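Good morning, and thank you for coming.

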Amino acid sequence: MLLQEDLEQRTVSVSIQAAKLSGRVLRAAITAVLQKMEQERTMPKVGRNSMKRLTYKDPGANTIEVSGRIRSFERYARKHQVRYHIEKELGTDPPKWMVYFKANQADALTAAFKEYTKKDLTRSSRPSLLTQLHKFKELAQSLGRDRVKNKEHGGPER
């Protein structure tokens with residue numbers, strides 16, 4: 001019943017350019033559309049995929065472990081058109097992720113990882129926003145205290 005409802009609610013538009021529209025031409029067009037839909041459903045797309053979709057035709061997949069921020073890695077993987085699947089390892093702190101990818105995508109994944117690690121290293125070397133905020137807060141408080149001292153001692157006002 002659920003499958004029937006799903007099929008009824010789904011529409012597909014097909015555009016055919018032919019001098020004479022016969023049943024044979026219409027059947028060929030619909031067959032081509034159905035084949036394309038099946039291929040899109042089963043072939044891995046660029047970016048994050050299910051494990052089933054990633055290993056549909058070739059069950060072999062390589063893995064790499066990523067720790068920390070996975071969202072920033074995903075941005076670089078999509079940029080380099082890597083097809084991948086991510087699973088989180090349970091019970092690890094900081095979180096660790098297993099990234100599954102196809103062997104023929106190793107070059108693209110290497111390029112994505114180079115860019116990701118470069119960005120991650122620059123992020124870890126610069127001070128955090130909270131640290132900078134505390135530093136400026138203390139600076140503002142010390143300037144306020146200096147101003148109050150100058151007023152009390154009759155120092156020059158600005």
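First, the terms of the model. This is a predicted model, in which local features need pLDDT of at least 70 and side-chain atom pairs count only at pLDDT 80 or more, while totals for chains, interfaces and linings use all residues. Residues are numbered from 1 along each chain as its sequence is written, and side-chain values use heavy atoms, with hydrogens and water left out.

Let us turn to the strands. Helices (H or I, at least four residues) and strands (E, at least two) are DSSP runs numbered from the N terminus, and two strands pair if DSSP finds at least two bridges between them. Strand β1, residues 47–48, pairs with strand β3, residues 83–89, in the parallel sense over two bridges. Here Gly 47 stands opposite Arg 83 of β3. On β3 there is also an antiparallel pairing, over six bridges, with strand β4, residues 96–101. Glu 87 stands opposite Met 98 in β4. The hairpin of β3 and β4 has six residues between the strands, and in it Gly 91 takes a positive phi near 80°.

Next, the salt bridges. A salt bridge is a side-chain nitrogen of Lys or Arg within 4 Å of a carboxyl oxygen of Asp or Glu, and by this rule there are two. Glu 65 and Lys 96 form a salt bridge at 3.8 Å, N to O. Glu 65 lies in strand β2 (residues 62–67) and Lys 96 in β4, so the pair ties together parts that are 31 residues apart in sequence.

Lys 79 and Glu 115 form a salt bridge at 2.7 Å, N to O. Because Lys 79 lies in helix α4 and Glu 115 in helix α5 (residues 106–125), this pair ties together parts that are 36 residues apart in sequence.

How accessible are these residues? For relative accessible area, buried means under 20%, exposed over 50%, and partly exposed in between, with a 1.4 Å probe and protein chains only. Lys 79 is exposed at 55%, and Glu 115 is partly exposed at 23%. Glu 65, at 44%, is partly exposed, as is Lys 96, at 31%.

Finally, the patch. Which residues form the positive surface patch? They are Arg 69, Arg 75, Arg 78, Lys 119 and Arg 126. Patch residues have over 30% relative accessible area and no salt bridge, like charges being joined within 9 Å. Arg 78 is found in helix α4, residues 70–79, and is partly exposed at 44%.

Note on methods:
Patch = residues over 30% accessible without salt bridge, like charges linked within 9 Å, V, L, I, M, F, W, Y side chains within 5 Å. Areas by Shrake-Rupley, 256 points an atom, 1.4 Å probe, with all protein chains shown as cover. Lys, Arg positive; Asp, Glu negative; His and termini not counted. Charge placed at Lys NZ, Arg CZ, Asp CG, Glu CD.
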